[in-house]
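Hello,

Here is the structure I promised to hand over. My notes on it follow below.

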Amino acid sequence: MVLISAGLLYAILLSGVESVQKPEQVCVSSQFSCSDGQCVHHSGRCDHHEDCNDGSDEKNCEENECEVNNGGCSHHCVDEPLGFRCDCPPDMRLVQDTRCEDMDPCLDADVCDQVCVHSNISYTCECRHGYMKSSGTGRCLATGDTAAVVFSSSEGIVWMNPDGSENKKITNTTGTSGALTSHTADNTLYWTNTEHIYRLVLDALDHEPTVMFSGVSGIVGLAVDWINEVLYWTSNSTGAVHAAELNGCEHTPLISGLSSPTAVAVQPVVGFLFWADAGVSPRIERSGLNGQNRKILVSAIIQNPVSIALDVPRGLLYWADSGLNTVSRVAYDGLHRKTVVESNGYLNQPFGLAVFESSLYWTDRLKAAICRADKHNGALLKVTLISGVSSPAGLLIYHRLLQPPGLKKLLLLCVWGVEGLNHTKPLLSDTATSPAKSSMLGSDSAYIWILSLIVFSCVLFAALFHYRRSGTFSSSLSQFPGESTMKESQDPLVAAGDPETHADKEIMAPVPV
């Protein structure tokens, strides 16, 4: 008989639990895999400083590191007598020691609000459809009705002018303040507290919100797909990105297995869904609207991404990091990263974030304030619009130009299938791979006839829409990089030595009465 002490038995059981709780970590191409499975950045390999807990990144440094995974370099790896270095082709630049990215003079200079045309050493700035260039500053100003800054607090939802004046409360208190989003075409706001998602139609006379979903918990981010009328949200209770039709009564987890999801944003015109995860491996990811084709956009120099916002006219994503006290931006393909605002005084506990015209707006829970800064370089303009706000949280800019028109759900049904948004099936599912659908198509001739009619209608609708759009909205779809031209970039990093990455440290509802 073998006797095992209680202490030894406990240690064995504990090690077994730890082995279950700590799955093996998979390092990305720009990371070095330590002997104990830890992932560290490749730039720390053989730099006379132990980045691995076991020091394995400083062992066997006499070897040619370029022979293993190209040294983690995205392009050229040059072996040195001690260590190695990464190099780039002439038309590219090295970012954070290992990755090369295409140079974009317009984004590097970052002087234009929207359209930038580079010629030799000069830049010409233009504005998108619906915006007018200011004769004095050259900034792109939205035409039509005045935009509004809308934010949530523990005392209710507040509506105010972009300069912080004339703020009015839309609703009374609804409990703990949370995420906020809108569907401007329907004049509708959506927001959440600890266990409900509310909906408020601004055209309604009573301005009384209704409960859209109950029993939901841990919601941090909220976003509306205004074209396909789908609501997305992140929940740190379920570790997932959820989705539901705006007129539906059920929801489904679209992206699961996340560590601590925070913010979410959607750009249905180009078919992208974005979310942030502030968990064990902080990152910002992108996928299609149905959750497929996931790509990591940001995974380095990021600690606690709490909010994200889209600069729709430029095709850029901004995020606030409460761990680094920064606001940064990156293109939809993960390239051209830049730190815009870096300040301990204005980014202590950011939550809501929005981009409009030439400005960034955010809520700061520690300062109890709504703040604004220049979206190109936060040092140029950084002010507190309003202070003394009780637990400010979600924030958005309400203006029709931020939700441009796009293809309607009828055309999406041709892609996703006629049951793509049926609550009895996974939301936005690809029914082409469904065995049940295949058997139905093979046995029900009436169903095939109906499906053929739908497909024909879709093609006709697309042709008419393209004809109309070519004259009225010709610049809308061309303002974003298309999926076919996207480049893999799993570790976009701040360009080393770039001084610009270190800035100081027509119809809307009237303002509710």
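What share of the 513 residues in the protein is buried? Buried residues make up 51%. Buried means under 20% relative accessible area, exposed means over 50%, and partly exposed lies in between, with a 1.4 Å probe and protein chains only.

First, the ground rules. This is a predicted model, so local features need pLDDT of at least 70 and side-chain atom pairs count only at pLDDT 80 or more, while totals for chains, interfaces and linings use all residues. Residues are numbered from 1 along each chain as its sequence is written, and side-chain values use heavy atoms, with hydrogens and water left out.

Overall picture

The protein has five helices and 34 strands. These are DSSP runs numbered from the N terminus: helices are H or I with at least four residues, strands are E with at least two. The accessible surface comes to about 23,700 Å². Carbon and sulfur atoms hold 54% of that surface. Areas come from the Shrake-Rupley method with a 1.4 Å probe, and for residues only the protein chains shown count as cover.

Salt bridges

The structure holds eight salt bridges. The criterion is a side-chain nitrogen of Lys or Arg within 4 Å of a carboxyl oxygen of Asp or Glu. One network links Asp110, Asp311, Arg314, Arg329, Lys338 and Lys375.

Start with Asp110. Its side chain meets that of Arg314 at 2.8 Å, N to O.

Arg314 has another partner, Asp311, with the closest N and O atoms 3.1 Å apart.

Are these residues buried or exposed? Asp110 is buried, at 5% relative accessible area. Arg314 is buried at 11%. Lys338 is buried at 5%. Asp311 is buried at 2%.

Surface charge

Glu62, Glu63, Glu67 and Asp79 form a patch of negative charge on the surface. Patch residues have over 30% relative accessible area and no salt bridge; like charges are joined within 9 Å, and nonpolar side chains (Val, Leu, Ile, Met, Phe, Trp, Tyr) within 5 Å. Lys and Arg count as positive, Asp and Glu as negative; His and the chain ends are not counted. The place of a charge is NZ of Lys, CZ of Arg, CG of Asp or CD of Glu. Glu62 is in the loop between strand S2 (39–41) and strand S3 (76–79). Glu62 is exposed, at 67%.

Backbone

Most residues other than glycine have a negative phi. Glu229 has a positive phi, near 55°. Glu229 lies in the loop between strand S18 (219–225) and strand S19 (230–235), and is partly exposed at 32%. Asn293 has a positive phi too, about 60°. Its loop runs between strand S24 (283–287) and strand S25 (295–298). Asn293 is exposed at 65%.

Annotation

An unreviewed UniProt entry gives "domain: EGF-like" for residues 125–140. UniProt positions follow the numbering used here, feature names are shortened, and annotations may be inferred rather than shown by experiment. In the model, the span is 0% helix and 38% strand, and its end C-alpha atoms lie 9 Å apart.

Best wishes
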